[in-house]
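Here's a quick tour to read with the model open beside you.

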Amino acid sequence: MPSENSIKVMPKAVVCEESNLRGDITFSAGCVVHPSATVFAEAGPIIIGENCILEEYTTIAHRLQVGARWDANNILSIGTHNVFEVGCTVEATRIGDKNVFESKCYVGPGVTVPSGCVIGAGIRMHTAQLLPENTIVYGQQALQREAIEKQGSQTLQIDFLRKVLPNYHHLRKPNHDPKKARSVV
């Protein structure tokens with residue numbers, strides 16, 4: 001793991017100062033990170049796509065495997081419009097777009113979550129697997145079925161949180177502008 005944190009916050013992202021962030025992490029535009037959320041990039045960088053919501057006590061971890069070392073090319077890429085609800089823990093290999101990780105669910109390493117999936121409240125996924133797109137995982141036996149409808153947009157919730165969180169919490173200032181990062185040709 002690099003000796004210091006490298007937290008990149010894009011413009012229009014709302015990242016509470018009280019969140020626990022360690023490693024090389026990028027929050028894209030529109031992300032909302034509540035206080036007490038934890039993002040831990042031990043194995044390599046984590047890039048969180050646009051308009052993702054990380055609620056309180058959420059943990060997203062990119063952990064080292066036994067005998068492995070930190071690798072800048074080992075990126076955990078999280079797609080856009082994902083919602084990580086209160087108390088969930090996600091260590092997935094890859095996460096697509098428009099997924100919902102409900103309260104207190106656990107998604108272990110080796111699990112690939114494509115797009116449009118819902119991992120139900122309290123579900124424990126320990127076995128390495130590739131979920132089919134638009135899968136809903138539910139019940140005590142972690143049953144799976146295909147969603148009938150696509151996941152809705154979280155735009156209203158994101159807009160509300162962008163207005164309310166700055167009134168009650170200190171925020172990390174945007175510190176990375178992708179337009180300025182481009183080299184002049």
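How many salt bridges does a search of the whole structure find? The search turns up three, where a salt bridge is a side-chain nitrogen of Lys or Arg within 4 Å of a carboxyl oxygen of Asp or Glu. Keep in mind that this is a predicted model, so local features need pLDDT of at least 70 and side-chain atom pairs count only at pLDDT 80 or more, while totals for chains, interfaces and linings use all residues. Residues are numbered from 1 along each chain as its sequence is written, and side-chain values use heavy atoms, with hydrogens and water left out.

**Salt bridges**

- D24 pairs with K8, and their closest N and O atoms are 2.8 Å apart. D24 sits in strand β4 and K8 in strand β1, so this pair ties together parts that are 16 residues apart in sequence. (Strands are DSSP runs of E with at least two residues, helices are runs of H or I with at least four, and both are numbered from the N terminus.)
- D24 is buried at 15% relative accessible area, whereas K8 is partly exposed at 22%. (Buried means under 20% relative accessible area, exposed means over 50%, and partly exposed is in between, using a 1.4 Å probe and protein chains only.)
- R63 pairs with E91, with 3.1 Å between the closest N and O atoms. R63 is in the loop between β9 (59-62) and β10 (76-78), and E91 is in the loop between β12 (89-90) and β13 (94-95), so the pair ties together parts that are 28 residues apart in sequence.
- R63 is partly exposed at 37%, while E91 is buried at 13%.
- D159 pairs with R162, and here the closest N and O atoms are 3.4 Å apart. Both are in helix α1 (residues 155-168), three residues apart, which puts about one helical turn between them.
- D159 comes out as partly exposed at 32%, and R162 is partly exposed at 28%.

**Strands and sheet**

- β1 runs parallel to strand β4 (residues 24-27), and four bridges join them. (Two strands pair if DSSP finds at least two bridges between them.) K8 has T26 as its bridge partner in β4.
- Elsewhere, nine strands make an open sheet with mixed pairing, in the order β21-β20-β17-β14-β11-β8-β5-β2-β22. The edges are β21 (143-146) and β22 (171-172), each with a single partner strand, so one side of each is left without a neighbour in the sheet.
- Strand β2 (residues 14-16) runs antiparallel to β22, joined by two bridges. L171 is the bridge partner of C16 in β22.

**Aromatic pair**

- The count comes to one aromatic pair. F84 and F101 are stacked, at 4.9 Å centre to centre and 0° between the planes. (Rings of Phe, Tyr and Trp, taking the six-membered ring of Trp, pair if their centres lie within 6.5 Å; planes under 30 degrees apart count as stacked, over 60 as edge-to-face and the rest as tilted.)
- F84 is in strand β11 (residues 83-84) and F101 in strand β14 (residues 100-101), so the pair links distant parts of the chain, 17 residues apart. Both F84 and F101 are buried.

**Around T112**

- T112 belongs to strand β16 (residues 111-113) and is buried, at 15% relative accessible area.
- Leaving aside residues up to four places away in sequence, T112 touches T93, R94, Q129, L130 and L131. (Contact means heavy atoms within 4.5 Å.)
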